[in-house]
Amino acid sequence: MHLPHSTLKQEFVKKWIMGLQRCKFSNNNMSIFERKKAIKLSADTAMASARKGLTCWSRALISNPDRPVPTTTRRASLACKKIVKRSRRIRRTAKCGAARKRQITRSIAQCLVRKRTQILKSLIPGGEFMNEVCLIEETLDYITSLRVQVDVMRSLASASVRASEPHN
Amino acid sequence: MSSRRSRQSTAGVSRISDDQIIELVSKLQQLLPEIRDRRSDKVSASKVLQETCNYIRSLHKEVDDLSERLSQLLATIDADSAEAAIIRSLIM
C-alpha cells in the first residue's frame, strides 16, 4: 500500500496536469480567487486519485473535496490546555502519595491522547469514521501524500517564477 | 498485520493490541520533522499526536499559500521565455 515517493510524485503530476488543463486558464477571465480555488481543487483531486482508491482518506476527499475547517479544534485545544494545567497543579501537591500521583498522571495522559485523537480525526478526510489503528495508518499515508503535493506545487511555483523573468 | 483488529463499538472500547499502536506511533514519529531530529526514544503518544496535528495543519496551510501564489504566477505567464512556453503548453 505504501508507494515510493517518486512513483507517487509521477502519479500526482500526471493527474494534476490533466486537472489543470481542464480548468482552461487561458480562456477564462477568472479572478485570482477563483483560479486559486481551481488550482487547489485540482491538486487535492490529483493527490487523492493518485492513491487509486486504496486508502480511506483519498476516497473521502474525492467524494467531499471541500475540506471543512474543523470547528471543534479550538474547543478541543482549549480542553487540552486545561488538562495540562491541571496535571501541573496536581503534581505540585505533596499530599498525594506516589501511587495516586501515577494514577492521576496516567489518566491525564489518556485524556490528552483521547482529545488529540479527536483533533486528528477532524484533520484527516473521513477520519471521524476510523478506529485508532486505521486512523494512524491513514495519517501516515495522508502525510506522505501531502508532502508530495507540496513538493510538486513548490517546483511548479519556482519554475513559473523563472519563466516569468525577463529573458537574458 | 495480526488479525486482532476489532470493530469499534459505540462506547469506544476496542481490543486492539498495544503493540500495533506502538509500532504505528513510532512510524509516525519517523515522519515528523520536529521529533525525528531530536532523536529521543521517550516521546509520549500524546506528544506525537500533537506534533502530527500541527504538522498536518502546516502542510494544509502551505498548500493553500502555494495555490494562492500559483494563481498569481500563472495569470502573468505570458513572457517569451522557453520555460513559459513549456508551462503554457502543459497546463493551459
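**The pocket and the helix pair**

In this predicted model, H5(A) gives the largest share of the lining of the largest pocket, 11 residues. Helices here are DSSP runs of H or I with at least four residues, numbered from the N terminus. Residues count from 1 along each chain as written, and chains are lettered from A and ligands numbered from 1 in the order written. Local features need pLDDT of at least 70, side-chain atom pairs count only at pLDDT 80 or more, totals for chains, interfaces and linings use all residues, and side-chain values use heavy atoms, without hydrogens or water.

The largest pocket holds about 1,100 Å³ of space. A pocket is an open set of points on a 1 Å grid over the protein atoms alone, where a 1.4 Å probe fits, with protein on both sides within 12 Å along at least five of seven lines; lining residues have an atom within 4 Å of a point. Of its 36 lining residues, A:Gln110, A:Val113, A:Arg114, B:Ala45 and B:Leu49 are closest to the centre.

Now the helix pair. H5 of chain A (residues 98-123) packs against H3 of chain B (residues 45-75) at about 20°, axes 9 Å apart. The two are therefore roughly parallel, a label for angles under 35 degrees. Axes are lines fitted to C-alpha atoms over the stretch in contact, and angles run from 0 to 180 degrees between N-to-C directions.

Which residues of H5(A) meet H3(B)? Among them are A:Leu112, A:Val113 and A:Arg116. On the H3(B) side, the list includes B:Ala45, B:Leu49 and B:His60. Contact means heavy atoms within 4.5 Å.

Notes. Angles under 35 degrees count as roughly parallel, over 145 as roughly antiparallel, 65 to 115 as roughly perpendicular and the rest as oblique. Grid points are joined across faces, edges and corners, and a volume is the space filled by probe spheres set on the points.
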